Amino acid sequence: MYAIVEIHDVSPFYKQEVYQAVEFLQRLRIDKFSLLVIPNYMEEYPLYKHKDFVGFLKALEQEIVLHGYSHKAKVKLSQILYTYGEGEFGEGGIEETYQKIEKALDIFESLSLTAKFFVPPAWISNSWMEDVLSAFGFRAVGYKDLIKDLQSEEKIPSPSITFSNRPVLSFLSLMAVPAFLKLYKKAKVLRLSLHTRDFRDRRKIVLWRSILREVKKEREVISYEELFSKSRPAPSLQGV
């Protein structure tokens, strides 16, 4: 059984929270984790203006996953339970989707950052996303409950455990997450999605510590890269 530990919303805007999250994982001896990086958070924090922060990320030598371009979107009632103005790819046509991914990758390229895997902000996608990602050579995309291989179109069940950071829902998630951990106990691949804003709430830090210790005893922590070989799930994961 496997687990992917990932830090969401890695951006200079959340610089202190990123530092705290990394230190937190290192203290727990989580030696492998994925950094879900936003190239230009809210179109106000482009990575190229924060090269010290980028240098910190590179020095970690952990997997980089592209997490949208800006993480910015209009507030939509249909998405209100999932996000509040952050489901970047919940709307827009193919041209807009293409342009955002292109801009994101241009920033990455200028900083010598590479990513083969993509997780859309708030796990919200659109009809064009997978075709656009394939055109740019991405290996797979991660949704809330599965990871899809963009070459074979195989879907690997991999539920994400995460806390909400919105009022009311945040409190409810404190009670729900331990229950979800039990519910997904038999899942062969489990993703633990730590958000930077979690590190502003001591209650979530305490729960994450407990969850990660438990998961580490029962599962091997792997990266997205290790979940895939060049053309199909890695031999050790065939049948997942």
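Author: One term to begin with: a residue counts as exposed when its relative accessible area is over 50%, and as buried when it is under 20%. Note also that this is a predicted model.

Reader: What makes Arg29 count as exposed?

Author: The relative accessibility of Arg29 is 63%. The cut-off for exposed is over 50%, so Arg29 counts as exposed.

Reader: Where does Arg29 lie, and what is its phi?

Author: Arg29 lies in the loop between α1 and β2 (34-37). Its phi is positive, about 60°, although Arg29 is not a glycine.

Reader: Which loop holds Met42, and what is the phi of that residue?

Author: Met42 is in the loop between β3 (40-41) and β4 (45-46). Its phi is near 55°, again a positive value in a residue other than glycine.

Reader: Why are α1 and α2 called roughly parallel?

Author: The axes of α1 (residues 15-27) and α2 (residues 51-60) cross at roughly 15° and come within 12 Å. Angles under 35 degrees count as roughly parallel, and therefore α1 and α2 are roughly parallel to each other.

Reader: Is the crossing of α1 and α2 left-handed or right-handed?

Author: The crossing of α1 and α2 is left-handed.

Reader: Which residues of α1 and α2 meet?

Author: From α1 there are Lys15, Val18, Tyr19, Val22 and Gln26, and they meet Phe53, Phe56, Leu57 and Leu60 of α2. The residues of this contact divide into seven nonpolar, one polar and one charged.

Methods:
Residues are numbered from 1 along each chain as its sequence is written. This is a predicted model: local features need pLDDT of at least 70, side-chain atom pairs count only at pLDDT 80 or more; totals for chains, interfaces and linings use all residues. Side-chain values use heavy atoms; hydrogens and water are left out. Axes are lines fitted to C-alpha atoms, for helices over the stretch in contact, and angles run from 0 to 180 degrees between N-to-C directions. Helices (H or I, at least four residues) and strands (E, at least two) are DSSP runs, numbered from the N terminus. Angles under 35 degrees count as roughly parallel, over 145 as roughly antiparallel, 65 to 115 as roughly perpendicular and the rest as oblique. A crossing is left-handed if the near helix is turned anticlockwise from the far one by less than a right angle, and right-handed if clockwise. Contact means heavy atoms within 4.5 Å. Ala, Val, Leu, Ile, Met, Phe, Trp, Tyr, Cys and Pro count as nonpolar, Asp, Glu, Lys and Arg as charged, and the others, Gly among them, as polar. Buried means under 20% relative accessible area, exposed over 50%, partly exposed in between (1.4 Å probe, protein chains only).
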